[in-house]
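Here are my notes for anyone opening this one for the first time. Have the viewer ready and click along as you read.

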Amino acid sequence: GGRFRAAQRRQHRGAARGRRARAESGKLLSSAPLYGYRWADAERTRYEPDPETAPVVRRIFALALQGLGVTAIADALTADGIPTPYGKARWSLTTVWRILTNRSYTGEARAFTWRRRTSGKRSYRREWQAGVALPPGVVPPLIDPASFAAVQEGLRLNRLRSARRNRSPELWLLRG
């Protein structure tokens with residue numbers, strides 16, 4: 001038992017070092033391209049906008065800039081029959097939220113921005129600065145940084161106004 005687990009840990013650390021070295025050399029790590037993009041070269045070192053899915057990403061951001069929430073955006077995409085990044089018919093709130101909060105769509109790409117907990121299958125987002133910066137041009141921008149910042153502010157305000165998250169009795173009285 002113990003020797004086997006120690007060997008697994010050594011193997012994992014070696015693979016992690018290889019992935020980090022690839023990222024530090026300016027290459028992408030993922031096995032599948034980010035939604036809205038396709039591989040630009042056979043070595044899978046950079047993306048180019050996908051003519052089919054890049055307009056969907058731009059639409060998601062445009063709807064968010066119009067003030068629609070994550071639920072309304074997911075419902076609109078589902079109603080229009082647009083398949084999800086995983087080929088499903090129904091868009092999940094998590095999928096829309098991950099697209100709206102992914103800074104890579106501005107062209108600022110980083111590796112190691114998500115971390116899987118060692119116990120369980122849950123992943124969580126690391127601080128953006130903790131990731132390994134990739135060179136400009138590896139991920140071309142689909143969204144301008146000002147629009148991205150405006151969407152982030154809208155998401156923050158929606159979170160603050162959410163009845164589920166806000167337990168203030170005054171707010172409940174004002175809402176009726």
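1. Leaving aside its neighbours within four places in sequence, which residues is P141 in contact with? They are Y37, Y105, T106 and G107. Keep in mind as you look that this is a predicted model. You'll find P141 in the loop between β6 (132-133) and α5. P141 is exposed, at a relative accessible area of 52%, where exposed means over 50%.

2. Now hop to T106, one of the contacts of P141. T106 sits in the loop between α4 and β3 (110-111). In contrast to the exposed P141, T106 counts as buried, with 12% relative accessibility. Once residues up to four places away in sequence are set aside, T106 touches P141, I143, D144, P145 and F148. There is also a polar detail here: a polar atom of the T106 side chain lies 2.7 Å from the backbone oxygen of R103.

3. Not counting residues up to four places away in sequence, Y105 touches L34, Y35, Y37, V57, F61, I99, P141, L142 and I143. The largest nonpolar core has 31 residues, and Y105 is among those that touch the most other members, together with I60, F61, W91, V96 and L100. Two or more residues of this core come from each of β1 (37-39), α2 (54-65), α3 (70-79), α4 (93-100) and α5 (145-161). Which element gives the most to this core? That's α2, with 7 residues.

4. α3 is worth a look along its axis. Its buried residues are V70, I73, A74, L77 and T78. They lie on the same side of α3, because they cover an arc of only 130 degrees around the axis. If you wonder about the spacing, an α-helix has 3.6 residues a turn, so residues three or four places apart point the same way. What do the buried residues of α3 pack against? The answer is α2, α4 and α5. After α3 comes G81, with a positive phi near 75 degrees.

5. On to the charged side chains: the structure holds 4 salt bridges. In one of them, E48 and R38 meet at 2.7 Å, N to O. Since E48 belongs to strand β2 (residues 47-49) and R38 to strand β1, the pair ties together parts that are 10 residues apart in sequence. Both partners are partly exposed, E48 at 27% relative accessibility and R38 with a relative accessible area of 38%.

6. Next, D75 and R90, whose side chains meet in a salt bridge of 3.3 Å, N to O. This one links distant parts of the chain, with D75 in helix α3 and R90 in the loop between α3 and α4, 15 residues apart. D75 is partly exposed at 37% relative accessibility, whereas R90 is exposed at 54%.

7. The pair E153 and R156 makes a salt bridge too, at 2.7 Å, N to O. Here both residues lie in helix α5, 3 residues apart, about one turn of the helix. E153 counts as partly exposed, at 35% relative accessibility, and R156 is likewise partly exposed, at 36%.

8. Stepping back to the whole protein, there are 6 helices and 6 strands. Read from the N terminus, the order is α-β-β-α-α-α-β-β-β-β-α-α. Of its 176 residues, 32% count as buried. Among contacts with a separation of 6 or more, 46% involve residues 24 or more positions apart.

9. The mean pLDDT of the protein is 81, and 66% of residues reach 70 or more. Where is confidence lowest, and where highest? The lowest is in strand β5 (residues 123-125), with a mean of 54, and the highest is in α2, at 98. Where pLDDT is low, the predicted coordinates should not be read in detail.

Notes. Residues are numbered from 1 along each chain as its sequence is written. This is a predicted model: local features need pLDDT of at least 70, side-chain atom pairs count only at pLDDT 80 or more; totals for chains, interfaces and linings use all residues. Side-chain values use heavy atoms; hydrogens and water are left out. A nonpolar core is a set of buried Ala, Val, Leu, Ile, Met, Phe, Trp, Tyr and Cys residues joined through side-chain atoms within 4.5 Å. Buried means under 20% relative accessible area, exposed over 50%, partly exposed in between (1.4 Å probe, protein chains only). Helices (H or I, at least four residues) and strands (E, at least two) are DSSP runs, numbered from the N terminus. Contact means heavy atoms within 4.5 Å. The arc is that of the directions from the helix axis to the C-beta atoms. A polar contact is a pair of N or O atoms within 3.5 Å; within protein, one must be able to donate a hydrogen and the other to accept it, and residues adjacent in sequence count only if both atoms are side-chain atoms. pLDDT is the predictor's confidence in each residue, from 0 to 100.
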